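Please look over the sequence and the model below before reading on. The paragraphs after it take a few features in turn.

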Amino acid sequence: MALRKIIHIEDELLRKKSRPVERFDAKLAHLLDDMAETMYAAEGVGLAAPQVAVLRRVVVMDCGDGLIEMVNPEIVATSGEQEDAEGCLSVPGRRGLVKRPMNVTVRFKDRTGAACELEAEGLLARCIMHETDHLDGRLYVDIMEREIFEDEESDGEEELEENE
Ligand code: ZN
């Protein structure tokens, strides 16, 4: 495994649409391993392949309940609403208030190509929306209600520490 370099908001690659994975091979496994290592090293809760300059539909997440890997994720249903602070490893030092669905159903493949489905709520639902947005070249700053500034962060909302 190896750490990959996380690219930042000024990089054009973050604005491109990623392509689906077609081969569930050793190269994909290697990418997933590297992405998880890179996410944990950066203390993030999610990372999408375009953030490490790979334009493939691959994301990893860990919102506190263990590592989740998703290949070719597709949001099939959403419901409810939540509004909270969001950050991004590709947008360092910034936070924004973002509206997301409270509940998300996502279909995806695992690293072997097996079909999976997951129903998520709360922070994990937020994380899934944030990461799948990356695969279509969308960043949270495009859809946020407003920027959250440093002095607000001392109010102690733990969610403010999350990075995706
Ligand atoms: Zn992000």
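Predicted model: local features only at pLDDT ≥ 70, side-chain atom pairs only at ≥ 80, totals over all residues.

Helix H2 runs over residues 122-135, which makes 14 residues. From its first C-alpha to its last, H2 reaches 21 Å, close to the 20 Å expected at 1.5 Å a residue. Of the 14 residues of H2, 13 are buried, so the helix is largely enclosed by the rest of the structure. Gly137 follows H2 and has a positive phi, near 75°.

The cysteines come next. A search of the whole structure finds zero disulfides. For Cys63, the nearest cysteine sulfur is that of Cys127, 3.8 Å away. Cys63 is partly exposed, with a relative accessible area of 24%. Cys116 is in no disulfide either, and the nearest cysteine sulfur to it, again that of Cys127, is 17 Å away. The relative accessible area of Cys116 is 23%, so this residue counts as partly exposed.

The largest pocket has a volume of about 330 Å³. Its lining consists of 13 residues, and Asp25, Lys27, Leu28, Leu31 and Arg56 lie nearest the centre. By class, the lining residues are seven charged, five nonpolar and one polar.

Lastly, Glu12 sits in the segment before helix H1 (26-41). Glu12 has a relative accessible area of 58%, so it is exposed. Its C-alpha atom is separated by 30 Å from that of Glu152, which lies 140 residues apart from Glu12 along the chain.

Definitions and conventions: Residues numbered from 1 in each chain as written. Heavy atoms only, no water. 1 Å grid on protein atoms, 1.4 Å probe; cavity = no way out; pocket = protein on both sides within 12 Å on 5 of 7 lines; lining within 4 Å. Points joined across faces, edges and corners; volume = space filled by probe spheres on them. Nonpolar A, V, L, I, M, F, W, Y, C, P; charged D, E, K, R; others polar. Helix = DSSP H or I, 4+ residues; strand = E, 2+ residues; numbered from the N terminus. Expected span 1.5 Å × (residues − 1). Buried < 20%, exposed > 50% of the residue type's maximum accessible area, 1.4 Å probe, protein only. Disulfide = S-S within 2.5 Å.
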